[in-house]
Amino acid sequence: MGVSRRSLVISDFIMSFMWVWSSVLIKMFVHKILGYGAHDLKGEILKHAISVINMFLFALLAKAAKGGAYNPLTILSGAISGDLTNFIFTVAARIPAQVFGSITGVRFIIAAFPNIGRGPVLSIDIHRGALTEGILTFAIVSISLGLSRRSRASTFMKTWISSLSKLTLHILGSDLTGGCMNPASVMGWAYARGDHITKEHIHVYWLAPIQATLLAVWTFNLLVSPSKDKEAKKTEKKSE
């Protein structure tokens, strides 16, 4: 029996809430509790190691929630290739639940730790920022689609590759846009700052990643579908 749509929406909200909290708690643990400086190499290595473990935990949570997610791009890439009803449900219910979960999470964070920071901030111009987030998103969506087709690979290996890929891309873009690749999470912090409806936020953290996701899905289907058709034809010939 499949999971109900209401359960998916609730799972999306809870996981998005937990995701914004997890990133803050990791930084607090490394820098405030353990006392590592902002640019301490050992501290950065430890923070990244914990981040990978954290992504494994959220992968387990997603499996336990039977499809729950904290990133709009994750579910959008699947909805694009699905039927119209699922696409509408994703855009009209699941993504808003993720956004609301992130906003709620950030509000609780700021209430508990007023001096925690401002979240990811664009440090370059809007055009380069949009290009950066677009390239990072295209890369991670393509990797995720590729892993989803590797049926022989273990869940552990898929999660390991996905986690390291996300971490690597995050590091590459962290000094430019924050390397987020997660519009809902960024929206939570932007809403708290009051700049969630600015041109920079919409173009860099929403339009560019969504366009990159659409391009990645289209490119992947264009490259993978012909090969699958060839394999199907070979199988038919052998059966004959």
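Helix H1, residues 5-33, contains 29 residues and should span 42 Å at 1.5 Å a residue; its end C-alpha atoms are 40 Å apart, which agrees. The expected span of a helix is taken as 1.5 Å times one less than its number of residues. Helices (H or I, at least four residues) and strands (E, at least two) are DSSP runs, numbered from the N terminus. The model is predicted, so that local features need pLDDT of at least 70 and side-chain atom pairs count only at pLDDT 80 or more, while totals for chains, interfaces and linings use all residues. Residues are numbered from 1 along each chain as its sequence is written, and side-chain values use heavy atoms, with hydrogens and water left out. Just after H1, Gly35 adopts a positive phi of about 85°.

An unreviewed UniProt entry places the feature "transmembrane region" at residues 7-30, 45-65, 86-110, 130-148, 169-192 and 204-224. UniProt positions are given in the numbering used here, feature names are shortened, and annotations may be inferred rather than shown by experiment. In the model, residues 7-30 are 100% helix and 0% strand, with end C-alpha atoms 34 Å apart. Residues 130-148 are likewise 100% helix and 0% strand, and their end C-alpha atoms lie 27 Å apart.

The largest nonpolar core has 10 residues: Leu136, Ile140, Val141, Leu145, Leu169, Met181, Ala216, Val217, Phe220 and Val224. Helix H5 (126-149) and helix H8 (199-239) are the elements that give two or more residues to this core. Such a core is a set of buried Ala, Val, Leu, Ile, Met, Phe, Trp, Tyr and Cys residues joined through side-chain atoms within 4.5 Å. Buried means under 20% relative accessible area, exposed over 50%, and partly exposed in between (1.4 Å probe, protein chains only). Leaving aside neighbours within four places in sequence, Ala216 is in contact (heavy atoms within 4.5 Å) with Phe138, Val141, Ser142 and Leu145.

Leu147 is also found in helix H5 and is buried, with a relative accessible area of 10%. Not counting residues up to four places away in sequence, Leu147 touches Lys158, Ile161 and Ser162. By contrast, the C-alpha atoms of Leu147 and Thr104, 43 residues apart along the chain, are separated by 32 Å.

A search of the whole structure finds 8 aromatic pairs. Rings of Phe, Tyr and Trp (its six-membered ring) pair if their centres lie within 6.5 Å; planes under 30 degrees apart count as stacked, over 60 as edge-to-face and the rest as tilted. Phe13 and Phe100 form a tilted pair, 5.6 Å centre to centre with 40° between the planes. Because Phe13 lies in helix H1 and Phe100 in helix H4 (residues 84-112), the pair ties together parts that are 87 residues apart in sequence. Phe13 is partly exposed at 26% relative accessibility, whereas Phe100 is exposed at 51%.

The rings of Phe56 and Phe156 are also tilted, with centres 5.3 Å apart and planes at 40°. This pair links Phe56 in helix H2 (residues 41-64) with Phe156 in helix H6 (residues 155-173), 100 residues apart. Phe56 is buried at 18% relative accessible area, whereas Phe156 is exposed at 53%. Helix H6 also contains Ser163, which is buried at 2%. Not counting residues up to four places away in sequence, Ser163 touches Val52, Met55 and Phe56. Trp19, Phe58 and Tyr70 form one aromatic cluster.
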